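Let's take a walk through this structure, one spot at a time. Have a look at it below, and then we'll start with a pair of strands.

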Amino acid sequence: KKMRRLGNILSAVVTLCVILTTVSCEKRPLLELGMLTKVIVTVNVSDISNVTCDIYNDKIPVPQIDPEVMHVLFYDQEQKAVAAESFISEKGTNEMGWPVFTGEIAIMPGNYNMLVYNFGTESTIIKGHHAWEEAEAYTSKVSDKTLSNYRTRNDGVKEIVVYEPDHLVVSSKEKETVPYHSDVHTISVEATSVVESYYLQVKVDGLEYVSSAQAFLSGMVSGNRISNNERITDPANTIYFTLTKSDDKGVPVICNVFSTFGRIENSTNELQITFDIKTTDGRVIQKTYDISDLFLTEDCIKHHWLLLDEVIKIDPPATPSTGGGFAPEVEDWENENYDVIL
């Protein structure tokens, strides 16, 4: 009798252990599949003048578009706030050699506004990304040292001088639907640049006497509201960029490829280029030209080439200089504060 009772107890214990083991070993994913959405971002780098096509001068470097991280945001349409965001860095290439990023984000089914852009650009800054309509790309003002080298206009126009932007690739969509799903839902988007690149050159007589050169171009767009690719034209900006020594079919020039959010359309007498040139013997030469009409030429419209016909003459030094080469400059250090998203 005691043995039977002990057997019943042992049987009950074994049964309980089997039940507990079955419950405790049930595998549950950390996130339900119905909340996971895979995002695939293809970066379209084709047909970008002076970067991936329409190269006028192959002797000088061109801007590179090679993002490492994409910032993905979904916005609640009613509350106008970020509902989910992620940074995706799993990177590959497609058959055309374009970068392709893949990542997953946890988000409830619903209707959202979606925004994707490359994160970590050096010069291009994003502000207002917490609201879909307010996300804006811009660049910061140049240092006081750079500004001191620039003779500002004397026609009463107050200029804001900024650095040129890095290429920013963006994909934006209003009313992106995330349906109810039992498996992983996939969204595929294509990101393109909201920045343009131009090639600019001017002929120089006496290029061997030039040690460094830079340019200031007025009448440029100051930023871009990236959710709808809207150019910000007020205020207008003057962009600063450096120049390099080269030649055009043997003709000495100073030139470079520069980037911008665009020029202000239909502007009159606002597109002025100032060349700031330093010579090997320490002289500073500045030349300013109105190039509004140059933006209307076929070379500019089709290829973004700004080819000035003017010739800047650099006289020989009064005393022969032992220096040589193109002397780069190091600007003063400045404190710049940015929000870092972790």
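Strands β7 and β8 (residues 136-138) pair up in the antiparallel sense, with three bridges between them. Two strands count as paired here if DSSP finds at least two bridges between them. Strands (E, at least two residues) and helices (H or I, at least four) are DSSP runs, numbered from the N terminus. Before going on, a word on the ground rules: this is a predicted model, where local features need pLDDT of at least 70 and side-chain atom pairs count only at pLDDT 80 or more, while totals for chains, interfaces and linings use all residues. Residues are numbered from 1 along each chain as its sequence is written, and side-chain values use heavy atoms, leaving out hydrogens and water.

Back to the strands. Lys127 has Glu136 in β8 as its bridge partner. The charged end of Lys127 also sits over the ring of Tyr138, 5.0 Å from the ring centre. For that label, NZ of Lys or CZ of Arg must be within 6 Å of the ring centre and within 35 degrees of the ring normal.

Zooming out, β7 and β8 belong to an open sheet of four strands, in the order β7-β8-β14-β15, with antiparallel pairing. At the edges stand β7 (125-127) and β15 (230-232), each with a single partner strand, so one side of each has no neighbour in the sheet. On average, neighbouring strands here are turned by 25 degrees against each other, direction ignored.

Now for the rings. How many aromatic pairs does the structure hold? There are 10. Rings of Phe, Tyr and Trp (its six-membered ring) pair if their centres lie within 6.5 Å; planes under 30 degrees apart are stacked, over 60 edge-to-face, and the rest tilted. Here are two stacked pairs:

| Pair | Centre to centre | Angle between planes |
|---|---|---|
| Tyr198 and Phe258 | 5.6 Å | 15 degrees |
| Phe241 and Phe258 | 4.5 Å | 15 degrees |

Phe241 sits in strand β16 (residues 237-248), 17 residues from Phe258. Both Tyr198 and Phe258 are buried, and Phe241 is buried too. Buried means under 20% relative accessible area, exposed over 50%, and partly exposed in between (1.4 Å probe, protein chains only). Together with Phe295, these residues form one aromatic cluster: Tyr198, Phe241, Phe258 and Phe295.

One last stop: Glu265 lies in the loop between β17 and β18 (272-279). Glu265 counts as partly exposed because its relative accessibility is 47%.

Key. Axes fitted to C-alpha atoms, helices over the stretch in contact; angles between N-to-C directions.
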